[in-house]
Amino acid sequence: MRIILLGPPGAGKGTQSKFIQEMYHIPQISTGDILRENVKKNTDLGKKAREYMDKGELVPDKVIIELVKTRLQQDDCLKGYILDGFPRTLAQAEGLEKALGNENVDRVLFVNVSDSVIIDRLTLRRIDRETGAIYHLKNNPPPEGVRVIHRDDDKEETVKNRLRVYREQTEPLVKFYKDKNILYEINGEKSVQEINSLIKDILNRGKET
Ligand code: AMP
């Protein structure tokens, strides 16, 4: 099953991807994670991507499409995958279609959340630097002794820019996939468990058709 998780930053795409990954045994492909890994290792890609990421801007389409195309050719993608944070522009969605050839994306899960909830979630989000586990200072504080980081791009000004970029460049994809009849909208403000269960229904329904 090929799945796209679409939605604003902070919608819970990462959390839900991990849940789907465990349930269906297909890999999560997060372009944000791949880019951050490259920034950490200071690769050529990392150096190029960093200037955009720090400002909350999108890394150029050409770079991202190449990165995803290469990743999709790996053996673990044969049974399907979850795209988390890609595509983010119409050009990327078209690039993906071209890369897939005769194959199709099966389901696009659109996790929708209001701006005020996103700002609260991201500015208070903290990440375990060892395991990548995600915490929230108010709702799910990290256990004592766990060393967490505040992602640079989760600072308030950058979050606001990421949201603006999302509305302008990524939101048009909702219509793009709705027109193809593969879009399922989910209220991302429900509890993690409720969203898990909605996603399970949508994906199982997908299997029967
Ligand atoms: P994320 O972790 O998905 O929020 O991504 C963090 C940052 O990585 C974004 O703000 C962008 O700068 C960059 N990024 C991740 N995925 C993409 C993409 N598909 N296209 C362009 N830039 C991306």
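Predicted model: local features only at pLDDT ≥ 70, side-chain atom pairs only at ≥ 80, totals over all residues.

Me: Which residue forms a salt bridge with D115?

Reply: R167 does, with the closest N and O atoms 2.3 Å apart. R167 lies in helix α7 (residues 156-170) and D115 in helix α6 (residues 115-123), so the pair ties together parts that are 52 residues apart in sequence.

Me: And R167, buried or exposed or in between?

Reply: R167 is partly exposed, with a relative accessible area of 29%.

Me: How many salt bridges does the structure hold?

Reply: There are 19.

Me: Switching to D33. What does D33 form a salt bridge with?

Reply: With R36; the closest N and O atoms are 2.8 Å apart. Both residues lie in helix α2 (residues 31-41). They are 3 residues apart, about one turn of the helix. D33 is partly exposed at 35% relative accessible area, and R36 is partly exposed at 28%.

Me: Now R125 and D154. How do their side chains meet?

Reply: In a salt bridge, 2.9 Å from N to O. R125 lies in strand β5 (residues 125-128) and D154 in the loop between β7 (148-149) and α7, so this pair ties together parts 29 residues apart in sequence.

Me: Why does D154 count as buried?

Reply: Because its relative accessibility is 0%, and buried means under 20%. R125 is buried too, with a relative accessible area of 15%.

Me: Which residues are linked with R125 and D154 in a network?

Reply: R151, D153 and R162. The links in that network are salt bridges.

Conventions:
Residues numbered from 1 in each chain as written. Heavy atoms only, no water. Salt bridge = Lys/Arg side-chain N within 4 Å of Asp/Glu carboxyl O. Helix = DSSP H or I, 4+ residues; strand = E, 2+ residues; numbered from the N terminus. Buried < 20%, exposed > 50% of the residue type's maximum accessible area, 1.4 Å probe, protein only.
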